[in-house]
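Dear colleague,

I am passing the structure below on to you, and I would be glad if you could look through it before reading my notes. The notes after it set out what was found, part by part.

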Amino acid sequence: MTLPRALDFLAVPERFMAVSTWLAPVLGALAAALIGAGLWTGVSAPSDYQQGATVLIMFIHVPAAWLSMFGYICLAGASLLSLIFRHALADAAAKACAPLGAGFTALALATGSLWGRPMWGAWWVWDARLTSVLVLLLFYLGYIALRASIEDEGRAGRAAAILALVGAINLPIVHFSVNWWNTLHQGASVFRPGGPTLALVYLIPLLLIALGYMAAFGSLWLVRIRAELWRRRARVLSLQAAGR
Amino acid sequence: MKGFLALMRREFNLAFGGGGPLLALTFYACLVALLPLAAGRNPTQLGLLGPDIAWLALALASLLSLERLFEHDYEDGALELLVMGPIPLEAVSVVKALAQFLAINGPLAFAAPIAAIALGGPVSLAPMAILTGLLGGVAFAFVGGLGAALALGAKRGGLLVAVVVLPLFAPPVIFGAAALDAVRAGQSSLMALTLLAAYAAAAVALSPLAMAAACRNALD
């Protein structure tokens, strides 16, 4: 199955390096522009009557949560491709994606906690969404731990890819079960969510920043894949040098 | 068929031999005994959480013997023979996980009601504790086997298996605890049990495929 010329940077490492050399900075600049625009419109929006200025944390927190899930989809997709096609580039992409996704998840949890303290009076509550995101972080960490523990890189990559796919199947199950658990054990929480019908004056900055986050994710992912490819090349060269 | 029976006999001998069930039961007893030492022996307080902790301790105790599921065969070359043999590796994985369930999770399931009552739970909880222990034990054995296969040949195998497998244990833990709470509240536990059984069935159906893939990967 040959990809068209425009897309073959996804398959051929040399083409990937050539394309990512300009694509990563472009995405980074786009991310900066979008996040900047979103923050500017967000800061200039009127303060929420209920939450005051702390509603601005929402602009950092919510897109991070969206990206944490998007990151796992990317991880599972890259793992699937690396297993099916035995593709080194897909394997490098999966390895590069995991810490990035874990970082966004941790950011979501941390900023959520900072937002929760003034809102609910609690740093942490065991409700459905928080518990689900915490389990997602554990999935990421398990992937990274498995990858790091096996010495042979090819073997580690394939085992981790199997785990990523098992996790992808399990993630909806975990999400459903945690939601169900939450309705069974109604906590004493008194928080009200930011509002399913978000006012337009907040929705636009939120979407801008979310797009900016996604562009940032793409840029960082490309940079990390490049670093992984260089690391592999360096390792091959050092092994060759040691052999002489 | 003869080969399959021979494999079953081998796996059961390996799982039951060397004090397998006794070790798991002793660990479970230690966990259960330590809880009042940590949480205080006030009966009402203990009774609120006790049966749920007994249920969670089931999951933790089944983590213990997971590492030996594939590791010894991998180290002494028996796994390579099994791969080359007439029985598909997926079926071998099923037999191994089944032996694990019968030797470790089964006995633990029958110790669970004792633990639940000892920790202050109502006696009416006993049948449900056995049922959730058995159904959950199937899930723990098969999903745990998946973790054991993935961690083959890795450093820090035991802890790695736990880290990989515990997030996957979250749904059965939730469903089992919901069933126990339903019995305590006098409500129907049917939904929780059905979901627990569904998770166990999915584990039995899907994890042998992943276990075999992981074993083949480790042998490359």
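**Where the two chains meet**

In this predicted model, 21 residues of chain A are in contact with 23 residues of chain B. On the side of chain A that touches chain B, the elements that contribute two or more residues are H4 and helix H5 (153-184) of chain A, and of these H5(A) gives the most, with 13 residues. Sorted by class, the residues on that side of chain A divide into 15 nonpolar, 4 polar and 2 charged.

One helix pair that spans the two chains can be described in more detail. Helix H4 (residues 128-149) of chain A packs with helix H8 (residues 157-165) of chain B at an angle of about 150 degrees, and their axes are 9 Å apart. Because the angle is over 145 degrees, H4(A) is roughly antiparallel to H8(B). The crossing in which H4(A) passes H8(B) is left-handed. On the side of H4(A), the residues that take part are Gly142(A), Ala145(A), Leu146(A) and Ser149(A), and they meet Leu160(B), Val163(B) and Val164(B) in H8(B). Taken by class, this contact of H4(A) with H8(B) has 5 nonpolar and 2 polar residues, and no charged residues.

As for the scores of the prediction, the model has an ipTM of 0.90 and a pTM of 0.91. For chain B the mean pLDDT is 91, and 100% of its residues reach 70 or more.

**Chain A as a whole**

Chain A has 6 helices and 0 strands, so that, in sequence order, its pattern reads α-α-α-α-α-α. Its C-alpha trace spans about 70 × 40 × 35 Å along the principal axes. Of the 244 residues in chain A, 38% are buried. If one takes the contacts in chain A between residues at least 6 apart in sequence, 77% of them join residues at least 24 apart.

Is Trp221(A) buried or exposed? This residue is found in helix H6 (residues 200-243) of chain A, and Trp221(A) counts as buried because it has 21 C-beta neighbours inside 10 Å, where 20 or more are needed. Leaving aside residues up to four places away in sequence, Trp221(A) touches Ala96(A), Cys97(A) and Leu100(A). Trp221(A) and Arg15(A) are 206 residues apart in sequence, and from C-alpha to C-alpha they are 16 Å apart in space.

The second residue is Arg86(A), which lies in the loop between helix H2 (56-85) and helix H3 (88-120) of chain A. Although Arg86(A) is not a glycine, it has a positive phi of about 50 degrees. Arg86(A) is exposed, because 12 other C-beta atoms lie within 10 Å and a residue with 12 or fewer counts as exposed.

By class, the contact of H2(B) with H3(B) has 15 nonpolar residues, 1 polar residue and no charged ones.

In the second pair, helix H3 (residues 43-64) of chain B and helix H7 (residues 126-150) of chain B have axes that come within 10 Å and cross at roughly 30 degrees. Because angles under 35 degrees count as roughly parallel, H3(B) is roughly parallel to H7(B). The crossing of H3(B) and H7(B) is right-handed. Pro51(B), Trp55(B), Leu58(B), Ala59(B), Ser62(B) and Leu63(B) make the contact from H3(B), while the residues from H7(B) include Gly133(B), Gly136(B), Gly137(B) and Phe140(B). This contact of H3(B) with H7(B) has 8 nonpolar and 6 polar residues, with no charged residues.

With best regards

Key: Residues are numbered from 1 along each chain as its sequence is written. Chains are lettered from A and ligands numbered from 1 in the order in which they are written. This is a predicted model: local features need pLDDT of at least 70, side-chain atom pairs count only at pLDDT 80 or more; totals for chains, interfaces and linings use all residues. Axes are lines fitted to C-alpha atoms, for helices over the stretch in contact, and angles run from 0 to 180 degrees between N-to-C directions. Helices (H or I, at least four residues) and strands (E, at least two) are DSSP runs, numbered from the N terminus. Angles under 35 degrees count as roughly parallel, over 145 as roughly antiparallel, 65 to 115 as roughly perpendicular and the rest as oblique. A crossing is left-handed if the near helix is turned anticlockwise from the far one by less than a right angle, and right-handed if clockwise. Two residues are in contact if their C-beta atoms, placed from the backbone, lie within 7 Å. Ala, Val, Leu, Ile, Met, Phe, Trp, Tyr, Cys and Pro count as nonpolar, Asp, Glu, Lys and Arg as charged, and the others, Gly among them, as polar. pLDDT is the predictor's confidence in each residue, from 0 to 100.
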